[in-house]
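User: Please examine the model shown below and answer a series of questions on its pocket, its charged pairs and its backbone.

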Amino acid sequence: MNYSHEVEQMCVVKKDARHQSAPIPQEGQWTKAKEIKDISGLTHGIGWCAPQQGTCKLTLNVKEGIIEEALVETAGCSGMTHSAAMAGEILPGKTILEALNTDLVCDAINTAMRELFLQIVYGRTQTAFSEGGLPVGAGLEDLGKGLRSQIGTIFSTKAKGVRYLELAEGYITKVALDNENCVIGYKFVHLGKMMDMIKKGIPADEALKKASGQYGRFDEAAKVIDPREE
């Protein structure tokens, strides 16, 4: 190691106090992290690309510094869905430091990785106070039955008002309006459940019916519209 001439001429002053790192909460314990292998936790974070036309929600489950599980969810950009596929292959098995310095293909995913890194190394994880953390595979619980992301897609204009296209319940097929043309309910299809039934051999029309439901005061509708056509 090279020192400047000024430093070489200085006298030595002993370091007396021991300024150790502060403990952080990790999976039900207080840990003084000194190395990457000292870091564990499951958490979520979001990222965005420079033009802000797309976003990524990233979930990582880290055990002893290694990413054991990754859930990559993207919205708003067609290209980033393929980037998510590549990031899903890249992330597991890497240390969180490696992942921070790896090109995860899409800027939004890279930004999400940066935000997660900060949360995890500072002990701000979802499992900070959960003894033993969560098992690998816990990320799938966020997706629910049918393993589909929670999506909200709404379009509206001043001239024609709002159109519900997809909500947590599923793909919106019909929107119910009252006498004043205000939304009072909707019908939906849970696509994940429908596909599961079709895979089990249930005819598509029957699966569609079983996976359908309605919300709100749909039966009181004065008018029903197809949000994609009307």
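**Salt bridges, pocket and backbone**

The side chains of R148 and E166 meet in a salt bridge, with 2.8 Å from N to O. The model under discussion is a predicted one.

User: How many residues apart are R148 and E166, and in which parts of the chain do they lie?

Analyst: R148 is in the loop between α4 (107-121) and β6 (153-157). E166 belongs to strand β7 (residues 161-167). The pair therefore links distant parts of the chain, and the separation is 18 residues.

User: Is E166 buried or exposed?

Analyst: The class buried applies under 20% relative accessible area. R148, the partner in the salt bridge, has 32% and is partly exposed. E166 has a relative accessibility of 13%, so this residue counts as buried.

User: How many salt bridges does the structure hold?

Analyst: Side chains of opposite charge can pair when their charged atoms come close. The cut-off applied here is a Lys or Arg side-chain nitrogen within 4 Å of a carboxyl oxygen of Asp or Glu. By this criterion, the number of salt bridges in the structure is nine.

User: What is the distance between the closest N and O atoms of E73 and K57?

Analyst: E73 and K57 form a salt bridge, for which the N and O atoms must lie within 4 Å. The closest N and O atoms of this pair are separated by 3.7 Å.

User: Which residue is linked with K57 and E73 in a network of salt bridges?

Analyst: E73 is buried at 13% relative accessible area, whereas K57 is partly exposed at 30%. The two are joined by a salt bridge. The network that links them also includes D142.

User: What is the separation of D196 and K199 along helix α5?

Analyst: D196 and K199 form a salt bridge with closest N and O atoms 3.6 Å apart. D196 is partly exposed at 23% relative accessible area, and K199 is exposed at 66%. Both lie in helix α5 (residues 191-199), about one turn of the helix from each other, at a separation of three residues.

User: Which element supplies the largest share of the lining of the largest pocket?

Analyst: The largest pocket holds about 190 Å³ of space. Its lining includes A70, L71, V72, E73 and T74, together with others such as T81 and S149. Both β5 (66-75) and α2 (78-90) supply at least two lining residues. The largest share, five residues, comes from β5.

User: How do the residues of that lining divide into nonpolar, polar and charged?

Analyst: Among the lining residues are A84, A85, G88 and P92. For this division, Ala and Pro count as nonpolar and Gly as polar, while Glu counts as charged. The lining divides into six nonpolar, four polar and one charged.

User: How far apart in space are L71 and G139?

Analyst: L71 is placed in strand β5 and is buried, because its relative accessibility is 12%. In sequence, L71 and G139 are 68 residues apart. Their C-alpha to C-alpha distance is 6.3 Å.

User: What is the accessible area of the nonpolar patch formed by M1, Y3, V7 and M10?

Analyst: M10 is in the loop between α1 (5-8) and β1 (24-26). With 55% relative accessibility, M10 counts as exposed. Taken together, the patch residues M1, Y3, V7 and M10 have an accessible area of about 510 Å².

User: What is the phi of E27, and what is that of Q52?

Analyst: Most residues other than glycine have a negative phi. E27, in the loop between β1 and β2 (29-31), is buried at 12% relative accessible area. Q52, in the loop between β3 (41-48) and β4, is exposed at 62%. Each has a positive phi, that of E27 being about 50° and that of Q52 near 55°.

Terms used: Residues are numbered from 1 along each chain as its sequence is written. This is a predicted model: local features need pLDDT of at least 70, side-chain atom pairs count only at pLDDT 80 or more; totals for chains, interfaces and linings use all residues. Side-chain values use heavy atoms; hydrogens and water are left out. On a 1 Å grid over the protein atoms alone, a cavity is a set of points where a 1.4 Å probe fits but cannot get out, and a pocket is an open set with protein on both sides within 12 Å along at least five of seven lines; lining residues have an atom within 4 Å of a point. Grid points are joined across faces, edges and corners, and a volume is the space filled by probe spheres set on the points. Helices (H or I, at least four residues) and strands (E, at least two) are DSSP runs, numbered from the N terminus. Patches are made of residues with over 30% relative accessible area and no salt bridge: like charges are joined within 9 Å, nonpolar side chains (Val, Leu, Ile, Met, Phe, Trp, Tyr) within 5 Å. Accessible areas come from the Shrake-Rupley method with a 1.4 Å probe; for residues, only the protein chains shown count as cover. Buried means under 20% relative accessible area, exposed over 50%, partly exposed in between (1.4 Å probe, protein chains only).
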